Amino acid sequence: MSAVLTAYYKIKPGGLCHRLLRAIRALLARGHTVHYIALSPFPIEHPHCHFHKFPWPFKDSDSPVFWVFFYCAAPWWLLAIAVKYRITHAFAFSPTYGFCLAPLRLLNIRLTVFFRADALKNHELKGRSPAVIAVEKVVEGIAIWRNRAVGVSESLTAAIVGRHRYLRPAQSTTLPNDLDPTSLLPKSIWGHPLGLAIVGVLEHRKNQAMAIRCMREISPTFAVLHLFGDGPSLKELTALVRNLNLSDRVYFHGWQPRETLWATVDVLLAPSLHEGASNAVLEALARGIPVIAVDTPEARELLPQSALLPNDSSVWTDRLRGLSPSVLSELQQQQLKGRSRFVFDWDTRICRDILEDGLSP
């Protein structure tokens with residue numbers, strides 16, 4: 001069996017960490033051993049899962065100082081672990097950790113880097129400087145060079161591989177997120193008022209502010225908006241709701257368990273300006289919940305054109321005001337036609353991507 005190494009500094013709510021933990025559990029279930037470095041143990045208890053604490057003595061783990069230290073120290077820490085525990089394969093979720101695992105090439109260890117989103121695009125949306133974006137591009141290139149790059153959507157994979165002229169991966173492919181076949185449900189009753197919802201990290205990229213502004217033109221007896229999640233834009237968004245006097249139709253719930261979250265959702269809004277592939281959209285599709293999203297290349301791979309709108313608050317307002325049981329039913333049926341594409345054995349696929357040899361030395 002294989003000994004696999006990965007890294008992630010700390011587990012947080014959200015789809016990325018959910019998939020990372022699922023990948024580790026899939027490897028363990030198939031008899032492989034997993035080693036990982038992090039600041040604290042992952043919520044996995046298994047005799048073949050081994051935690052290696054990253055040597056950072058301070059509480060603040062989100063400062064620039066931490067990340068400079070991490071970039072400098074983690075590659076050699078991981079290399080030492082690989083030698084000591086005879087690691088045979090490695091994988092990373094995001095180019096940051098792929099960069100840190102890149103020195104394992106010295107040991108001829110196969111590395112697979114999974115991309116959940118476009119880091120350069122996210123930096124642009126956050127208004128980061130060209131220098132930061134240039135550094136990120138180099139980090140990304142080093143992570144994929146002569147390794148395997150796996151994007152969560154075809155458009156994401158093409159964008160990442162296409163911008164590196166010299167630091168090319170040995171292989172590139174796509175592994176979409178999957179749907180749990182046991183959760184496929186047909187929603188047929190819409191609430192009154194309609195329960196609109198946005199699920200995910202509260203940040204500029206997710207574009208929650210645009211949807212909030214739409215609620216100015218929508219009566220609270222017709223629809224209310226629920227925001228599930230937390231993040232850096234929480235104060236900004238709560239201030240926006242307060243300033244627009246929307247406290248009777250926009251509600252913040254923080255992170256909620258999946259088991260209870262979807263019970264209040266009639267329509268999922270996905271106004272994000274960029275997603276690799278939205279877990280929230282896929283979970284809504286699995287439950288038969290209609291979705292309305294901003295038209296992006298990645299969203300087109302998940303949803304029919306009828307569900308996609310430009311990033312224009314007036315267009316969104318008109319669409320939301322026109323929702324009715326018949327409109328929602330038609331949108332639901334169009335979306336249900338395509339969801340079978342996402343029912344497959346994701347656990348086996350990701351193990352294959354991590355363990356499959358064939359990369360050039």
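User: At what angle do the axes of α1 and α14 cross?
Analyst: Helix α1 (residues 15–29) and α14 have axes that cross at roughly 80° and come within 9 Å. The axes are lines fitted to C-alpha atoms over the stretch in contact, with angles from 0 to 180 degrees between N-to-C directions. Helices (H or I, at least four residues) and strands (E, at least two) are DSSP runs numbered from the N terminus. This is a predicted model: local features need pLDDT of at least 70, side-chain atom pairs count only at pLDDT 80 or more, and totals for chains, interfaces and linings use all residues. Residues are numbered from 1 along each chain as its sequence is written, and side-chain values use heavy atoms, without hydrogens and water.

User: Parallel or perpendicular, then, for α1 and α14?
Analyst: Roughly perpendicular, for α1 and α14 (65 to 115 degrees; under 35 is roughly parallel, over 145 roughly antiparallel, the rest oblique).

User: Which residues of α1 and α14 make the contact?
Analyst: On the α1 side, Arg19, Arg22, Ala23, Ala26 and Leu27 take part. From α14 come Trp346, Asp347, Ile350, Cys351, Ile354 and Leu355. Contact means heavy atoms within 4.5 Å.

User: What are Arg19 and Arg22 linked to by salt bridges?
Analyst: Arg19 and Arg22 belong to a salt-bridge network with Asp178 and Asp347. The criterion is a side-chain nitrogen of Lys or Arg within 4 Å of a carboxyl oxygen of Asp or Glu.

User: How many salt bridges does the structure hold?
Analyst: Twelve. In one of them, Glu356 is paired with Arg148 at 3.8 Å, N to O. That pair joins distant parts of the chain, 208 residues apart: Glu356 is in the segment after α14 (346–355), and Arg148 is in strand β6 (residues 148–151).

User: Is Arg148 buried or exposed? And what about Glu356?
Analyst: Arg148 is buried because its relative accessibility is 1%. Glu356, at 37%, is partly exposed. Buried is under 20% relative accessible area, exposed over 50%, partly exposed in between (1.4 Å probe, protein chains only).

User: What does Lys206 pair with?
Analyst: Lys206 forms a salt bridge with Glu275, at 2.4 Å from N to O. The two are 69 residues apart, with Lys206 in the loop between β8 (194–199) and α7 (208–214) and Glu275 in the loop between β11 (267–270) and α10 (279–286). Lys206 has 12% relative accessibility, so Lys206 counts as buried. Glu275, at 16%, is also buried.

User: And which residue does Glu203 bridge to?
Analyst: Arg205, with an N to O distance of 2.7 Å from Glu203. Glu203 and Arg205 are both buried.

User: Switching to rings. How many aromatic pairs?
Analyst: The count is 20 aromatic pairs. Tyr8 and Tyr9 make one that is tilted, with 6.1 Å centre to centre and 45° between the planes. Rings of Phe, Tyr and Trp (its six-membered ring) pair if their centres lie within 6.5 Å; planes under 30 degrees apart are stacked, over 60 edge-to-face, the rest tilted. Tyr8 and Tyr9 are both buried.

User: Where is Phe69, and what does Phe69 touch?
Analyst: Phe69 is in helix α2 (residues 64–84). Beyond its neighbours within four places in sequence, Phe69 is in contact with Phe54, Pro55, Trp56 and Ala74. Pro55 is 14 residues from Phe69 along the chain, and their C-alpha atoms are 9.8 Å apart. Phe69 has a relative accessible area of 33%, so Phe69 is partly exposed.
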